[in-house]
Amino acid sequence: MTFASRALIDLRSDTVTRPDERMRAAMASAEVADNVIDVDPTIRLLEDRTAEILGKPAALWTPTGTMANLIALSVHLRRGDRFLAPRGAHVLTNELGSAAWLAGGMPEALETDAGPGRPSVQTLANAVAGGIGGPYYLLRTTVLCLENTHNAAGGAVIPPDEHAQLVATAQEAGMKVHLDGARLWNAAVALDIPPAALTVGTDTVSVCFTKGLGAPVGSAVAGSVTFVEKARRIRQMLGGGVRQGGVLAAAGVLGLERIEDLATDHFNAERLASGLAGLGWDVGSPQTNIVLARVGDVSITLRMLRAAGVLALPMAGQVRFVTHRDVTTADIDEVLRRLTDAAQERSAGVAPQAG
Ligand SMILES: *Cc1c(COP(=O)(O)O)cnc(C)c1O
């Protein structure tokens, strides 16, 4: 076996992609200016295109999705306000508590009883309680933070009708709605609808250019013009006011042209999941580009995978494989071949003892 064919196949995340030549060229030749003193034209272009795709009046570039979520929650929350998010949401478990530490919110996880990553309207209605109303001595529940697709639930999609019911329930109680759409593109491609169909009614939406779209840096948070004015000040407070950031934004502009390519990642995830199931793994059918496998021992499995030349990550007590634009369908077939070989070697290894 050649060295190249044994190169590690990296399915840890769709963030491991490296910018290709075209993207690097676009970055190198980007038109730029100081985006704190003035406006960087390429950042502005990316913000305008993002806002349009998301069906919002305005958008603000941020270095990361974590900052985009934090900015939205900082604008919406007052200290001590309660905010709701589905159990396992990125804002609850993967942002180091910044929603509480910096935005001052008190988090409450919603059970995902309508399906993977999806709280039912009843669960939300119960948690909303009085929302922003009620007597002065009661806790205020002011924000609902949805996540589409839901990462820890295996790239699970919230369909538009359920989204609309959840948003309406929150808004009837006077709450704001933020959508963590780091992988909103994946949801839109999976449902074959425009991304804007999945942002209806939300006050704010965050998106990442670094997940399936392959940019090395960059996210955005979209909302009203007034929201973006406030958001710009908070981005500056957080140290996110970059100067000639057009070099980075150019990657996002190109990324937005590649949304449809995500269908390949979804096809590859489905192929991986069915191949793994054929090898006896306990995996469900992925809705987008994330495959979760229930295994006996996550760390032993990850070590076995690495020895076989496959990288994955632990997620929500399971093993997570993510397909992305730097892995091909042939790579997925190679993953399945390696795992088939590894399983055969293991059973050959135990056979003498059994005999
Ligand atoms: C990756 C991710 C983020 C944060 O994005 P970063 O750019 O890594 O900070 C937020 N929400 C979800 C659901 C994500 O998957």
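Modeller: By class, two nonpolar, six polar and five charged residues form the shell around the ligand. Here Asp, Glu, Lys and Arg count as charged; Ala, Val, Leu, Ile, Met, Phe, Trp, Tyr, Cys and Pro as nonpolar; the others, Gly among them, as polar. This is a predicted model, where local features need pLDDT of at least 70, side-chain atom pairs count only at pLDDT 80 or more, and totals for chains, interfaces and linings use all residues. Residues are numbered from 1 along each chain as its sequence is written, and side-chain values use heavy atoms, with hydrogens and water left out.

Colleague: Which residues come nearest to the ligand?

Modeller: A residue is near if one of its heavy atoms lies within 4 Å. Of the 13 residues around the ligand, Gly65, Thr66, Asp180, Arg183 and Lys211 come nearest.

Colleague: Where does a polar side-chain atom of Thr66 lie?

Modeller: A polar contact pairs N or O atoms within 3.5 Å. The Thr66 atom lies 2.6 Å from an oxygen atom of the ligand. For Lys211, a polar side-chain atom is 2.8 Å from a ligand oxygen atom.

Colleague: Is strand β13 mostly buried or exposed?

Modeller: Strands are DSSP runs (E, at least two residues), numbered from the N terminus. Buried means under 20% relative accessible area, with a 1.4 Å probe and protein chains only. In β13 (residues 318–322), five of five residues are buried. Gln318, Arg320 and Val322 are on one side, Val319 and Phe321 on the other.

Colleague: How many bridges join β10 to β13?

Modeller: Strands pair if DSSP finds at least two bridges between them. Four bridges join β10 (residues 290–294) to β13, antiparallel. Val291 has Phe321 as its bridge partner.

How values were computed:
Polar contact = N/O pair within 3.5 Å; in protein donor to acceptor, adjacent residues only side chain to side chain. Buried < 20%, exposed > 50% of the residue type's maximum accessible area, 1.4 Å probe, protein only.
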